[in-house]
Protein chains: 2
Amino acid sequence: MRKDYQNEMQCVSCADYYGREDAGTCKVCYEEANETEEELKTEIDDLKAIVAFLKLSSPINHLHTDVILVASDGVSHQSDLPVPAHRAILASRSPVFRAMLENDMEERRSGTIKISDVTYDALRAFVNYLYTAEACLDEQMAYDLLVLAEKYEVKHLKTHCEKYLMARLNWDKAIASYAFAHQHNATKLQDAALTLITDNMDKLFKHEEYNELVENNPRIVVDIYEAYLSKQINTAACKSAGN
Amino acid sequence: MRKDYQNEMQCVSCADYYGREDAGTCKVCYEEANETEEELKTEIDDLKAIVAFLKLSSPINHLHTDVILVASDGVSHQSDLPVPAHRAILASRSPVFRAMLENDMEERRSGTIKISDVTYDALRAFVNYLYTAEACLDEQMAYDLLVLAEKYEVKHLKTHCEKYLMARLNWDKAIASYAFAHQHNATKLQDAALTLITDNMDKLFKHEEYNELVENNPRIVVDIYEAYLSKQINTAACKSAGN
């Protein structure tokens, strides 16, 4: 610690001395900020307690289940394993399940909901999330759950998966992520991937998946070029306005 | 705003000038604190989204209910109205309901749970809380729900009611609150009421409810005197240690 020189003050937080150019706050503002922080922490503790109270345990070993979900990925046999659940919970978490179970549809009568194009593990994780708001994600699971969340309109899970995937987005995954996000209406992930692509247009032709995308989905390649062109026009307009 | 005098610095928060004795933080600590505040606010938003996702709608107009609760306050007839619910939710929120519904007890077979000494309104609010973690409290409702929360071991609701009652505790209610809290194991409310009483022992004989308590529950009046005596002994010990 340095000496208390003329024209310096001591910080009540780190206890170091600082000059005028490094001035932060006066004592009153510091104390108010401290109070705010304490209040925010209390609010967090209260909310965590509410979450703990509202969280349900996974239905796998539950009594009183009144519906089963069956995964069908069209390949493995493991997917015939049923995942038990409660109609009330499914209906409260997903408007799609609600419609299935409250209107006079096949699922309501049979008590069985078939979920296609999904593995047993993903279905189990999906149902588990509906009870607990928790999912142990890796990249594949985030993709699988995002698809289910979009299909069954579980917004909170979709946002959760989208955030996970956005945090791991990089150039190698940019084109695949962009195509995936476009297909499943994950607009934030799509925007992030598109920005990454249009920021690196000089590398576009060299990207492994570019030719594949042109072949399979030329419509969204056009979207990339349109976004790039708009960006160039905007940049040009900003520059000329600056001059 | 004052002029920038020698030996004063400007607060980056309120923009006022301060002298050495009013020094708060340096700029680095101020910026760190700001970041922390932003992070806490983000955490709060995330938790609020989880709460919104996990909250169930009240079961009153639900389909798929598989159990009914019936209030009996021994007086009004309104209490014969049933409150519908889901076994899975009751069992997940209360270990007492879980035992009733998972073991081979009368309630499991009949699908009806009788709740004694409670009004229909309180029972409805209680069940509603099990679904939503929300209750619209006034003082009577807080007392009623605390009793139910204690009986059915719903800790989160008990804490919620206790906090509500503690915030409204005053001398007039001190003795009744103390007796109530003692009866229903509301230890924080009991401690707060006891502290309020032992801080005002000179007024104790004049309190309207004192004689009634002596008559009906002399055992807990003894607790009051014991707490008072301990306090006096402690105070004396502190004083003599200080001399």
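Student: Where does Glu38(A) sit in chain A?
Tutor: In this predicted model, Glu38(A) is part of helix H1, residues 27-54 of chain A.

Student: Is Glu38(A) buried, exposed or partly exposed?
Tutor: Partly exposed, because its relative accessibility is 48%.

Student: And which residues form the negative surface patch?
Tutor: That patch is made by Glu31(A), Glu32(A), Glu35(A), Glu38(A) and Glu39(A).

Student: What about burial for Glu37(A)?
Tutor: Glu37(A) counts as buried because its relative accessible area is 18%, and buried means under 20%.

Student: What do Glu37(B) and Lys41(B) do in chain B?
Tutor: Their side chains also form a salt bridge, 3.3 Å from N to O. They are four residues apart in helix H1 (residues 27-54) of chain B, so about one helical turn separates them. Glu37(B) is buried at 19% relative accessible area, while Lys41(B) is partly exposed at 37%.

Student: Which residue does Glu139(A) form a salt bridge with?
Tutor: Lys173(A), with the closest N and O atoms 2.9 Å apart. This pair links distant parts of the chain: Glu139(A) is in helix H6 (residues 139-151) and Lys173(A) is in helix H8 (residues 171-183) of chain A, 34 residues apart. Glu139(A) is partly exposed at 27% relative accessibility, and Lys173(A) is partly exposed at 24%.

Student: Switching topic: where is Val83(B), and what is it in contact with?
Tutor: Val83(B) lies in strand S5, residues 82-85 of chain B. It is buried, with a relative accessible area of 0%. Beyond neighbours within four places in sequence, Val83(B) contacts Ile60(B), Val67(B), Ile68(B), Leu69(B), Tyr120(B), Leu123(B), Arg124(B) and Val127(B).

Student: Last one, backbone angles. What is phi for Ala15(A) and for Asp117(B)?
Tutor: Ala15(A) has a positive phi of about 70 degrees, although it is not a glycine. It sits in the loop between strand S1 (9-10) and strand S2 (17-18) of chain A. For Asp117(B), also not a glycine, phi is positive and near 55 degrees. Asp117(B) is in the loop between strand S6 (112-116) and helix H5 (120-132) of chain B, and it is exposed, at 68% relative accessible area.

Notes
Residues are numbered from 1 along each chain as its sequence is written. Chains are lettered from A and ligands numbered from 1 in the order in which they are written. This is a predicted model: local features need pLDDT of at least 70, side-chain atom pairs count only at pLDDT 80 or more; totals for chains, interfaces and linings use all residues. Side-chain values use heavy atoms; hydrogens and water are left out. Patches are made of residues with over 30% relative accessible area and no salt bridge: like charges are joined within 9 Å, nonpolar side chains (Val, Leu, Ile, Met, Phe, Trp, Tyr) within 5 Å. Accessible areas come from the Shrake-Rupley method with a 1.4 Å probe; for residues, only the protein chains shown count as cover. A salt bridge is a side-chain nitrogen of Lys or Arg within 4 Å of a carboxyl oxygen of Asp or Glu. Lys and Arg count as positive and Asp and Glu as negative; His and the chain ends are not counted. The place of a charge is taken as NZ of Lys, CZ of Arg, CG of Asp or CD of Glu. Helices (H or I, at least four residues) and strands (E, at least two) are DSSP runs, numbered from the N terminus. Buried means under 20% relative accessible area, exposed over 50%, partly exposed in between (1.4 Å probe, protein chains only). Contact means heavy atoms within 4.5 Å.
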